[in-house]
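I opened the model to look up a few spots. My notes follow in the order I took them.

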Amino acid sequence: MGNCFGTPVTNHTPGTTKYINQEASKNDDHQNNGQNYNNTENRSGSKGADAVEAEIVGSTDDQNDKTNNEANNYSSGSTSASASASASASASSPPIPNGKVITPSLKLFTLAELKRATRDFRPDTVLGEGGFGRVFKGWVDEKTYAPSRVGVGIAVAVKKSNPDSSQGLKEWQAEVKFLGKFSHPNLVKLLGYCWEDNQFLLVYEYMQKGSLENHLFRKGAEPLSWSTRLKIAIGAARGLSFLHNSEKSVIYRDFKTSNILLDAAYNAKLSDFGLAKLGPVNGNSHVTTRIMGTYGYAAPEYVATGHLYLKSDVFGFGVVLLELLTGLRALDTNRPSGEHVLVDWARPSLTEKKKLTRIVDKGLGGEYPIKGAMQVADLILKCLESDPKSRPSMEVVLETLEKINTIKVNIKEKKPSNNKRHEDQHHRSPIRHRHGGNGSATTSAYRR
């Protein structure tokens, strides 16, 4: 997705998710050019995620989707009032401890309503930009979601598609499909959508602290403390574990720092389900699909074969955990030769205490428990195993992180504070390209 909210994006970067096989991308885009996505309803109302899918004439990215989609038939809401009631209940109810599959009831916004909510998509309301399009900050009534004045009601993030992006449409469908029927404290909430005049828009809850990417890598950002980093990792692990263990398991496929959004209390929520896939069925160990993802985060077996496992997500989680530990990007060609790929460079240092302390983020100022750091390093190595069968499940990852979180910083272990960040953290990788380009790119939240 890219950046989201809270802190305005000063250097908008293009979408980070792309076809790793560029030729496949070209062929797929060519095949999709002839698809007919007609708007059948422009009124405001409430619809379920399955109803949206039923109205859109489109293709999936492989035969597996066709089979899995038949199994996803959830009943939908029918009125705008039901959307309002759902929103009101959500605001007053306590967080759902473990999450659940819900009866989808999404607000169907008109394009005119979203124009009013964002002041006609004014440039100064832009929160992020990517291959899918731009994300704008808007304001709506807390109960009815009707557009309101700035500062009145609740803030929302409105992702507006690029009408020329065929892949953007498919990702729009996937977001409605998954976020429209899942409710969990660690998944960003989708409030509604708009499908009008060849425009595809999504409306999300606003996340005050923006993306984890911004906090780790933006120049001048205040370094996150050890406890905050663990809190974020645990929250993201809970969200991913919920997806993997839902009735129909979901493979997230695009786990990275720019897709982890933070609320005012630094609670982490997964965003951008544009590449999410239903997991294997009928006893199969994996699904086979086109190779898409972000360089530096994609699991090796997926890049090599197109075979996607639930534990392919675990590899991506390990990469993000390594970024949290070191404060360095997964891929950055501004670093010295041999250090471009973080996983390859850091792996040899994760087994020895002395070597590990040399690569831990200097922004922590030495204020972290050595024992906890060693255990995080060990967990990272397990997540990065080349064989997906050897990686732990996300449930095990979550349990391990919660145990590590009980280890407190020993005052005697503190070193003189040094908030000077790694020099190369202040450089943006030059390999960010437009959607479909090569290299690793990251943007701010709600990217596509």
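Entry 1: I left aside neighbours within four places in sequence and listed what Leu325 touches: Trp226, Leu350, Leu356, Ile359, Val360, Asp361, Val376 and Ile380. Contact here means heavy atoms within 4.5 Å. This is a predicted model, where local features need pLDDT of at least 70 and side-chain atom pairs count only at pLDDT 80 or more, while totals for chains, interfaces and linings use all residues. Residues are numbered from 1 along each chain as its sequence is written, and side-chain values use heavy atoms, with hydrogens and water left out.

I placed Leu325 in helix H10 (residues 310-326). Helices (H or I, at least four residues) and strands (E, at least two) are DSSP runs, numbered from the N terminus. Leu325 is buried, with a relative accessible area of 2%. The cut-offs are under 20% relative accessible area for buried, over 50% for exposed and partly exposed in between (1.4 Å probe, protein chains only).

**Entry 2: a helix pair.** I turned to H13 (residues 370-383) and H14 (residues 394-404), whose axes come within 10 Å and cross at roughly 170°. Axes are lines fitted to C-alpha atoms, for helices over the stretch in contact, and angles run from 0 to 180 degrees between N-to-C directions. H13 is therefore roughly antiparallel to H14, a label for angles over 145 degrees. From H13, Gly372, Gln375, Val376, Leu379 and Cys383 meet Val397, Thr400, Leu401 and Ile404 of H14. I sorted the residues of this contact into six nonpolar, three polar and no charged. Ala, Val, Leu, Ile, Met, Phe, Trp, Tyr, Cys and Pro count as nonpolar, Asp, Glu, Lys and Arg as charged, and the others, Gly among them, as polar.

Entry 3: Where is Lys256? I found Lys256 in the loop between strand S12 (250-251) and S13. Lys256 counts as buried, because its relative accessibility is 0%. Its side chain makes a polar contact with the side chain of Thr294 (2.8 Å). A polar contact is a pair of N or O atoms within 3.5 Å; within protein, one must be able to donate a hydrogen and the other to accept it, and residues adjacent in sequence count only if both atoms are side-chain atoms.

**Entry 4: totals.** I noted 14 helices and 18 strands. Of the 448 residues, 58% count as buried.

How values were computed. Angles under 35 degrees count as roughly parallel, over 145 as roughly antiparallel, 65 to 115 as roughly perpendicular and the rest as oblique.
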